[in-house]
Amino acid sequence: MKGPLLLSVSVFVIFISILASYHSTYLNLSLLQENYSHTSTEILQYFKSAIARPAQPELNHQQDQQPMLKNTIKNTMSKTLHHAKITPHRSGARGHADHGWLNTYHSFSFAGWYNPKFNSFGSLRVLNEDRVKPNSGFPTHPHRDFEIFSYILSGELTHRDSMLTKGAEGDAGSDRFYRMHRGDVQFTTGGTGIAHSEFNEHNKDTVHFLQIWAIPWKRGLKPRYHTRSFSDDDKRKGFVNILSPLKGGVDATAEQEKVAEPMIPGTIPIHADFVMGAGIIAPETSFEWKVGAKVTDATKRKVYVHVPMTKGGKAKVRLDGREDAILAEGDGAFVESVNAGDKLVVESIGEAEAEVIVLDTA
């Protein structure tokens with residue numbers, strides 16, 4: 001009797017041990033499965049937020065639930081100019097004056113508006129966004145020792161040298177007399193002194209344009225005009241170079257001044273270590289600006305980015321993937337501590353295509 005009893009007890013003990021071991025294993029597996037499921041969900045959400053596009057509201061909802069994670073991902077994946085300082089210059093911080101015939105915004109101190117924070121940026125001295133009503137404009141006025149250029153956004157602006165009499169100008173496409181339209185750029189080297197007028201001679205359309213001044217690398221240059229057109233089709237493919245330094249630089253010979261060949265073919269020559277570019281960027285598209293455009297002298301550079309007011313507030317861009325460098329229409333940005341060869345990414349994130357002006361200076 002004792003033998004069978006001992007055997008039964010032994011079998012029961014073994015059974016209880018196996019059951020306990022199985023239960024422990026089951027609990028561990030359950031915990032592991034729960035942890036794995038939780039971890040998998042976090043990883044899935046992490047990558048979904050990293051690749052989510054604005055056009056997908058269901059993914060945007062997940063992004064909104066994890067804003068800190070979203071920003072970390074974007075900065076890690078998109079930010080390339082870690083050494084650069086980018087400071088937005090908001091539209092509302094610009095000087096503004098409405099004279100009736102002229103509605104103007106000043107990114108830098110100009111005329112009756114002065115702000116010591118916004119005096120100049122490298123050789124960039126003036127950036128005005130102007131709207132001039134029909135049959136009005138800037139009468140004949142002098143300039144000297146500045147490089148001055150007008151970039152037409154819409155409408156018509158007539159440039160006329162002071163030596164030309166209205167009605168007897170001849171060819172309306174010459175440098176001294178030019179009716180500018182969208183895509184046209186008119187450039188003036190003030191040098192030792194020049195006088196001209198800029199008038200909207202159209203009967204009904206307001207002209208909208210940027211007037212930009214740069215400080216030349218030396219004073220007393222020979223006055224000169226240049227005009228050139230740049231197509232919207234090209235600007236929609238990538239940044240188009242508009243201005244580049246005169247070949248020969250600050251020591252250019254009289255012959256080089258006469259030929260006026262720019263460092264970048266197809267651009268307008270400027271007497272400064274300065275490059276201008278322009279692009280029209282479709283929503284959810286990025287353009288890349290190569291600092292210095294491979295032609296400038298100084299390796300330490302600054303870039304000013306401006307978004308003109310052309311789309312009724314529907315255009316918006318982000319610089320270098322930074323959430324604190326999003327620009328609306330009328331905004332600009334100071335990009336500092338960059339080097340020639342750096343790549344500045346400009347991403348269109350608004351509802352409409354964004355026209356972007358890049359001013360690259362030493």
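Analyst: Happy to! A residue is called buried when its relative accessible area is under 20%, exposed when over 50%, and partly exposed in between (1.4 Å probe, protein chains only). By that rule, 44% of the 362 residues in the chain are buried.

This is a predicted model, so local features need pLDDT of at least 70 and side-chain atom pairs count only at pLDDT 80 or more, while totals for chains, interfaces and linings use all residues. Residues are numbered from 1 along each chain as its sequence is written, and side-chain values use heavy atoms, leaving out hydrogens and water. The pLDDT, the predictor's confidence in each residue from 0 to 100, has a mean of 82 for the chain. Over residues 1-77, however, the pLDDT is below 50. Where pLDDT is low, the predicted coordinates should not be read in detail.

Now to your core. A nonpolar core is a set of buried Ala, Val, Leu, Ile, Met, Phe, Trp, Tyr and Cys residues joined through side-chain atoms within 4.5 Å. The largest one has 28 residues, and L319 and V356 touch the most other members. Strands (DSSP runs of E, at least two residues, numbered from the N terminus) that give two or more residues to this core include β15 (274-281), β18 (316-319) and β22 (354-361).

Let's zoom in on V356. Leaving aside neighbours within four places in sequence, V356 is in contact (heavy atoms within 4.5 Å) with F239, G277, A278, G279, I281, V305, H306, V317 and V346. A second, separate core of 27 residues includes L210, I212, V240 and M276.

How values were computed
Helices (H or I, at least four residues) and strands (E, at least two) are DSSP runs, numbered from the N terminus.
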